Structures are given as C-alpha cells and as structure tokens.
Amino acid sequence: LKLLIFSDMSAPEVVSGEVCPRRFGLNYDPPAIILEYLEVSTGKLFHRKVALKRLRSSTDPARVAEKLRQVNRPLLTEDSGVAFEQIVSLVKKLQDSMHQKSSTASAETKVPDEIDYHEANLNKLSDNELARHKAKMNTSFLANQMKPGDNGFVYDMRVDFPDADQSCGWDSEED
C-alpha cells in the first residue's frame, strides 16, 4: 500500500497507503465538505461529499473537525497530509456563511412599522413580502379579536356602516 503525503495538497510524495487527498470544496446550502482524492492503486480521482446536516453557527468547529476525522479516518489523517487546522478552517467558513445567511434572512423578514394600507397596492408585492404583511395584519387581528367569554362579546353582531366618503367605482350600480 502506498500513501501520498503533502502539506499544501499540491506536491504529494509517495509513502504508504492507498488514497491521496487532492483538494477540498465547500457546499454552502446544504452545508457539506467535498474532498477530492486520488486512489493510488488505480490512478483514479474520486469525490467524497461529507454532509454536515446538523452544523450550526454556534457549534465548536474543532469538535466538528475531530468528528469528521473519526468518521473519515482513511482520508483525513495527518499522515495523509490533511492538517487538522485546515479542516477546522473549512468548518469555520461554512459556519460564517450560515451566520451571514441567517442575519440576512432576519433583516429581510422585518416588516416596515408604518405603512398606509389604504394607499399601498399590495397586489404589486412579491409573495414573500405579501406573506409578511399578512402575518403582521393577522397579529393585529388576533390581538383585537373578541372571543366567546370575553367582556363585550356579542354573538352575531350586526353593524350599519355610514356611507363612504369616496366612491370606489367597482361596485357602482350605474351600469
């Protein structure tokens, strides 16, 4: 068995074993590390995708790197030329991207506090923006909703509204 050892994954030298890691790739969504390695006996290149489904931005990257080493022992050992710090660095990059993505998503979910729903045309909004406005309206509705058992609750309340100040045009009886 022959193993290739290299420090920067660019100039390997043959020692003993059967695989030689070549380079890493990152998949950010869903988080995964892809390792390209050479099978020395056949001379073929392979890719190993290691999914990190439970990775969180708060997880200790050194612990994740150690677990990766244990699960992928033949590919990620110091003897094969993969430094532990390199694996930790890759995990940190994935976590940084997750943190940036979550902070961007939280900034997008904020609904403007002041909007005039009488003037705004909600038909021109995207589905996501419309869903956010509906959620805000639903929160207001639920806060003001009268339920059986509440003080002032009247079953089947009927109210006559005054005539509108403005004509809306779509329900006129002049046709």
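Biologist: Which residue meets D156 in a salt bridge?

Modeller: This is a predicted model, and every value here is computed from it. The side chains of D156 and another residue come to 3.3 Å, N to O. A salt bridge needs a side-chain nitrogen of Lys or Arg within 4 Å of a carboxyl oxygen of Asp or Glu, so the pair qualifies. The partner of D156 is R158.

Biologist: Is R158 buried or exposed?

Modeller: The relative accessibility of R158 is 71%. Exposed means over 50%, so R158 counts as exposed.

Biologist: How many salt bridges does the structure hold?

Modeller: Side chains of opposite charge can pair when their charged atoms come close. One of the salt bridges joins D156 and R158, and another joins E78 and R69. R23 and E36 also meet in one. The number of salt bridges in the structure is 3.

Biologist: What area do V154, M157, V159 and F161 have together?

Modeller: These four residues form a nonpolar patch on the surface. V154 lies in the segment after helix 3 (127-144). A residue needs over 30% relative accessible area to join a patch, and V154, partly exposed at 46%, therefore passes. The accessible area of the four together is about 460 Å².

Biologist: Which element gives the largest share of the lining of the largest pocket?

Modeller: The largest pocket has a volume of about 370 Å³. Of its 13 lining residues, the closest to the centre are A51, L52, R54, V64 and K67. Strand 5 (44-51) and helix 1 (61-71) are the elements that give two or more residues to the lining. The largest share, 5 residues, comes from helix 1.

Biologist: How many residues in the lining of the largest pocket are charged?

Modeller: By class, the lining has 7 nonpolar and 2 polar residues. R54 and K67 are among the residues closest to the pocket centre, and Arg and Lys count as charged. The number of charged residues in the lining is 4.

Biologist: How much space lies in the largest cavity?

Modeller: The structure holds 1 cavity of 30 Å³ or more. Its lining includes F24, I33, R48 and L90. Strand 4 (32-39), strand 5 and helix 2 (84-108) each give two or more residues to that lining. The space in the largest cavity is about 80 Å³.

Biologist: How many residues in the lining of the largest cavity are nonpolar?

Modeller: L68, L75, L76 and I87 are among the lining residues, and Leu and Ile count as nonpolar. The lining also has 1 polar and 1 charged residue. The number of nonpolar residues in the lining is 9.

Biologist: How far apart in space are I87 and L76?

Modeller: I87 is in helix 2, and I87 is buried because its relative accessible area is 2%. I87 and L76 both line the largest cavity. The two are 11 residues apart in sequence. From C-alpha to C-alpha, I87 and L76 are separated by 8.5 Å.

Biologist: What is the C-alpha separation of H99 and S57?

Modeller: H99 also has its place in helix 2. With 49% relative accessibility, H99 counts as partly exposed. H99 and S57 are 42 residues apart along the chain. Their C-alpha atoms are separated by 5.9 Å.

Biologist: What pattern does the chain follow along the sequence?

Modeller: The secondary structure comes to 3 helices and 5 strands. Buried residues make up 22% of the 175 residues in the chain. Read along the sequence, the pattern is β-β-β-β-β-α-α-α.

How values were computed: Residues numbered from 1 in each chain as written. Predicted model: local features only at pLDDT ≥ 70, side-chain atom pairs only at ≥ 80, totals over all residues. Heavy atoms only, no water. 1 Å grid on protein atoms, 1.4 Å probe; cavity = no way out; pocket = protein on both sides within 12 Å on 5 of 7 lines; lining within 4 Å. Points joined across faces, edges and corners; volume = space filled by probe spheres on them. Helix = DSSP H or I, 4+ residues; strand = E, 2+ residues; numbered from the N terminus. Patch = residues over 30% accessible without salt bridge, like charges linked within 9 Å, V, L, I, M, F, W, Y side chains within 5 Å. Areas by Shrake-Rupley, 256 points an atom, 1.4 Å probe, with all protein chains shown as cover. Buried < 20%, exposed > 50% of the residue type's maximum accessible area, 1.4 Å probe, protein only.
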